[in-house]
Amino acid sequence: MLTKSDVKKFFDEAKETAEKWFGGKDDDWLKSPFKQYDKWTNLDNTIGQINHMMYHIGHFDAIFRDNKLRGVWNE
């Protein structure tokens, strides 16, 4: 079981990563083509990263529940 301190550390690291990603960028940057795949915008890429992270969280949740462990989301 994670402690409150563990969870806070995770959120602090996630916030730091988000601030680095968006640091010095504006709305025009979000609308601009993503430099590694110009059919997407930077916003498309950002949303894709968030969706991919949620996929992994769901995958972990399924593994936990399949092994009779408490899932990420509890009813």
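The model is a predicted one, in which local features need pLDDT of at least 70 and side-chain atom pairs count only at pLDDT 80 or more, while totals for chains, interfaces and linings use all residues. Residues are numbered from 1 along each chain as its sequence is written, and side-chain values use heavy atoms, with hydrogens and water left out. The protein chain has a mean pLDDT (the predictor's confidence in each residue, from 0 to 100) of 91, and 96% of its residues reach 70 or more.

**Confidence and elements**
- Where pLDDT is low, the predicted coordinates should not be read in detail.

**The strand pair**
- Strand β1 (residues 33–34) and strand β2 (residues 37–41) run antiparallel and are joined by two bridges, strands being counted as paired if DSSP finds at least two bridges between them.
- The two strands β1 and β2 make a hairpin with two residues between them, and Pro33 has Thr41 in β2 as its bridge partner.

- Asn42 lies in helix α3 and is buried (under 20% relative accessible area, whereas exposed means over 50% and partly exposed in between, with a 1.4 Å probe and protein chains only), because its relative accessibility is 6%.
- Leaving aside neighbours within four places in sequence, Asn42 is in contact (heavy atoms within 4.5 Å) with Trp29, Leu30, Ser32, Pro33 and Phe34.
- Asn45, which is also found in helix α3, has a relative accessible area of 9% and is therefore buried.
- With neighbours within four places in sequence again set aside, the contacts of Asn45 are Trp21, Phe34 and Trp40.

**Salt bridges**
- The structure holds five salt bridges, each a side-chain nitrogen of Lys or Arg within 4 Å of a carboxyl oxygen of Asp or Glu.
- One of them joins the side chains of Glu13 and Lys9 at 3.7 Å, N to O; these residues are separated by about one helical turn because they are four residues apart in helix α1.
- In this pair Glu13 is partly exposed at 42% relative accessibility, whereas Lys9 is exposed, with a relative accessible area of 52%.
- Another links Lys15 to Glu19 at 3.9 Å, N to O, and both residues lie in helix α1 (residues 4–22), four residues apart, about one turn of the helix.
- Lys15 counts as exposed at 52% relative accessibility, and Glu19 as partly exposed at 49%.
- Glu19 and Val7 are twelve residues apart along the chain, and their C-alpha atoms are separated by 18 Å.
- In helix α3, Arg65 and Asp61, four residues apart and so about one helical turn from each other, meet in a salt bridge of 2.8 Å, N to O.
- Here Arg65 is partly exposed at 46% relative accessible area, while Asp61 is buried at 6% relative accessibility.

**A nonpolar surface patch**
- Phe60, Ile63, Phe64, Leu69 and Val72 form a nonpolar patch on the surface, with about 430 Å² of accessible area together.
- Patches are made of residues with over 30% relative accessible area and no salt bridge, with like charges joined within 9 Å and nonpolar side chains (Val, Leu, Ile, Met, Phe, Trp, Tyr) within 5 Å; accessible areas come from the Shrake-Rupley method with a 1.4 Å probe, and for residues only the protein chains shown count as cover.
- Phe60, placed in helix α3 (residues 42–66), is partly exposed, with a relative accessible area of 46%.
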